[in-house]
Amino acid sequence: MRTAIQGDAHILSLEIGEELIESILSYADREKISAASISAIGAIRSFELGYYVLDRKEYLRKKVDGIAELISCDGNLALKEDKPFVHLHVAAGLSDFSVIGGHLFSGIVAVSAEVVLRPMPNPMNRSFSNATGLYLLDLLPWKAF
Amino acid sequence: MRTAIQGDAHILSLEIGEELIESILSYADREKISAASISAIGAIRSFELGYYVLDRKEYLRKKVDGIAELISCDGNLALKEDKPFVHLHVAAGLSDFSVIGGHLFSGIVAVSAEVVLRPMPNPMNRSFSNATGLYLLDLLPWKAF
Amino acid sequence: MRTAIQGDAHILSLEIGEELIESILSYADREKISAASISAIGAIRSFELGYYVLDRKEYLRKKVDGIAELISCDGNLALKEDKPFVHLHVAAGLSDFSVIGGHLFSGIVAVSAEVVLRPMPNPMNRSFSNATGLYLLDLLPWKAF
């Protein structure tokens, strides 16, 4: 991983073989970043996508072995049970230029990944939501009074 | 809706059943935000996509009932005829991991939607463009003199 | 092209017929921006996508003539052999709402393109990587010591 701090953005240039989510977590841990928005492009392989089935409160999962262009990769870093957790959704471009996508469980950088991390000043927590079966961002209720 | 202000970013955690665009508009209205960039991930249902046919100056429309992963959702908030208007394009991931997308007319949050709003200091207006039949961002002409 | 500076964001509203990448490069050149993150939505036509074949160290290319919604367009501006270089990945929405995508070689604005450029204070260089056959962001090695 190669990195640069650019104003309020941290740029991570991930290298072949690095796991995308673990790399971001390692960086955030060492740099004491507990909340951030994340955006990336690049290429990944051996990745696993998820589609959440709300009725069953579980993910359908799809493993992809080959290399895909990382067309979009958006999400955030927050705390889940006091540990940093990266939530990313990705669009992955295949060799026929079709696109698949969903929630990203994991993915290995295939060529490069260029990540923009924008740290936030305060921690954000995720807490378990019974209604959805997922850990959602636990912010303050907003009143449209 | 749950919210947090994080430096120059406003984080909106939308809840099941909330309409995505209306929620952003409500928040922006109450918080006196008239211009912003927007990025989100999450899951939506009962959404309507558009593809603009320039020749006919109208949108093809597609309604989708089921739940889709909100893979990417990018755009902005600006003023259209003096009223706040949200312009978003989305990539939506289906249960077979295929992706559909286009302009977003509306969509209901299906599980959660995590929105990053970055307000801009000055209002931006959209004005009607005869050439396209759409309201485009009416900024100052830039001269590559 | 119409433009506005909004805090740390430069908003570019590109017009029909302008080439997306060239327009960003022209703007960056005149405004002395050598590094930036980029995000855009809009519509493009006559665009060329790439999928990188790592084994052969070359891109598969696909030209598309028709108009597509620019659903997502993410990337950055950096220096490649001392010249500004724009690296973008796009998801393009077709009239049947299917999505294709990949690396963007070029594309003509079909209706409008709304670009958010966030300049970075320091230049970033790309240097050639033998392992991948591509010019990758040449940042400082990060040590997870």
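Biologist: Buried means under 20% relative accessible area, exposed means over 50% and partly exposed is in between, with a 1.4 Å probe and protein chains only. Which is A:Trp142, buried or exposed?

Modeller: A:Trp142 is buried, because its relative accessible area is 14%. Please keep in mind that this is a predicted model, in which local features need pLDDT of at least 70 and side-chain atom pairs count only at pLDDT 80 or more, while totals for chains, interfaces and linings use all residues. Residues are numbered from 1 along each chain as its sequence is written, chains are lettered from A and ligands numbered from 1 in the order of writing, and side-chain values use heavy atoms, without hydrogens or water.

Biologist: OK, and how many aromatic pairs are there over all chains?

Modeller: A search of the whole structure finds twelve, where rings of Phe, Tyr and Trp (its six-membered ring) pair if their centres lie within 6.5 Å, and planes under 30 degrees apart count as stacked, over 60 as edge-to-face and the rest as tilted. One of them joins A:Tyr52 and A:Tyr59, whose ring centres are 4.8 Å apart and whose planes stand at 65°, so this pair is edge-to-face.

Biologist: How exposed are those two, A:Tyr52 and A:Tyr59?

Modeller: A:Tyr52 is buried, with a relative accessible area of 4%, whereas A:Tyr59 has 22% and therefore counts as partly exposed. The pair A:Trp142 and B:Tyr27 is tilted, with 5.3 Å from centre to centre and 50° between the planes.

Biologist: Where do A:Trp142 and B:Tyr27 lie?

Modeller: A:Trp142 lies in the segment after strand E9 (140–141) of chain A, and B:Tyr27 lies in helix H1 (residues 20–30) of chain B, so the pair joins two chains. Here helices (H or I, at least four residues) and strands (E, at least two) are DSSP runs, numbered from the N terminus. B:Tyr27 is buried too, with a relative accessible area of 1%.

Biologist: And what lies over the face of A:Phe105?

Modeller: That is A:Arg61, at 3.7 Å from the ring centre, given that a charge sits over a ring if NZ of Lys or CZ of Arg is within 6 Å of the ring centre and within 35 degrees of the ring normal. In chain C, C:Arg61 lies over the face of C:Phe105, also at 3.7 Å. A:Phe105 forms one aromatic cluster with A:Tyr52 and A:Tyr59.

Biologist: Switching to interfaces, how much do chain B and chain C bury between them?

Modeller: They bury about 3100 Å², 63% of it on carbon and sulfur atoms, where buried area is the accessible area (1.4 Å probe) that two parts lose on being put together, summed over both. B:Tyr51, B:His89 and B:Trp142 supply 26% of the area that chain B buries against chain C, more than any other three residues.

Biologist: How many salt bridges cross from chain B to chain C?

Modeller: There are two, a salt bridge being a side-chain nitrogen of Lys or Arg within 4 Å of a carboxyl oxygen of Asp or Glu. One joins B:Arg126 to C:Glu114, with the closest N and O atoms 2.9 Å apart.

Biologist: What about chain A and chain C, how much area is buried there?

Modeller: About 3100 Å² is buried between chain A and chain C, and carbon and sulfur atoms give 63% of it. On the side of chain A, the residues A:Gln6, A:Glu69 and A:Phe97 supply 24% of the area buried against chain C, more than any other three. The count between these chains is two salt bridges, and C:Asp138 meets A:Arg2 in a salt bridge at 3.5 Å, N to O.
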